[in-house]
Amino acid sequence: MAIERSLILLKPDCLGGNHAGEVIGRFEKAGFEIRAAKLIALTDELLKEHYAHIADRPFFPEIVEFMQSLPVIVMTLQGHSAVERVREIVGVTDPAEADEGTIRKQFGTDVMRNVVHASDSVENAEAEIERFFG
């Protein structure tokens, strides 16, 4: 298994619901190392870049409003097969379809308010880490 990194965003609903400690603890218990972390307010520019694949959709302003409603915690996790394993812990995007025991199933309420973003490929992880940490 290769050592990989994954970008994690603990979204406003995670912080607003006081779930950050438990979510971070799950990653640590799974053996991931936190390599970087910070609390930030997301700018319009950063959100447009991060969500470039959906920035032209009619619901994008709602995403921006939600993601700017509170600061987010941005983290880089490192470990064996990090991208795949982190996504297994997080669960699928829609909490209603997520497996029992996943973060999104336990804390998420809908496709947007699903507690956490996790990189979906090694390539995207590297690009996202560069975007948020330089």
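This is a predicted model: local features need pLDDT of at least 70, side-chain atom pairs count only at pLDDT 80 or more; totals for chains, interfaces and linings use all residues.
**Exercise 1. Classify Glu-33 by its accessibility, then find its salt-bridge partner.**

Step 1: Glu-33 has a relative accessibility of 41%, so it lands in the partly exposed class (buried is under 20% relative accessible area, exposed over 50%, partly exposed in between, with a 1.4 Å probe and protein chains only).

Step 2: Its side chain pairs up with that of Arg-35 in a salt bridge, 3.1 Å from N to O. The term calls for a side-chain nitrogen of Lys or Arg within 4 Å of a carboxyl oxygen of Asp or Glu.

Residues are numbered from 1 along each chain as its sequence is written, and side-chain values use heavy atoms, with hydrogens and water left out.

**Exercise 2. Work out which parts of the chain the Glu-49 and Arg-131 pair links.**

Step 1: The two side chains form a salt bridge at 3.2 Å, N to O.

Step 2: Glu-49 sits in helix H3 (residues 44-50) and Arg-131 in helix H7 (residues 122-133), so this pair joins distant parts of the chain, 82 residues apart (helices are DSSP runs of H or I with at least four residues, numbered from the N terminus).

Step 3: Glu-49 is partly exposed at 45%, and Arg-131 is partly exposed at 23%.

Methods:
Helices (H or I, at least four residues) and strands (E, at least two) are DSSP runs, numbered from the N terminus.
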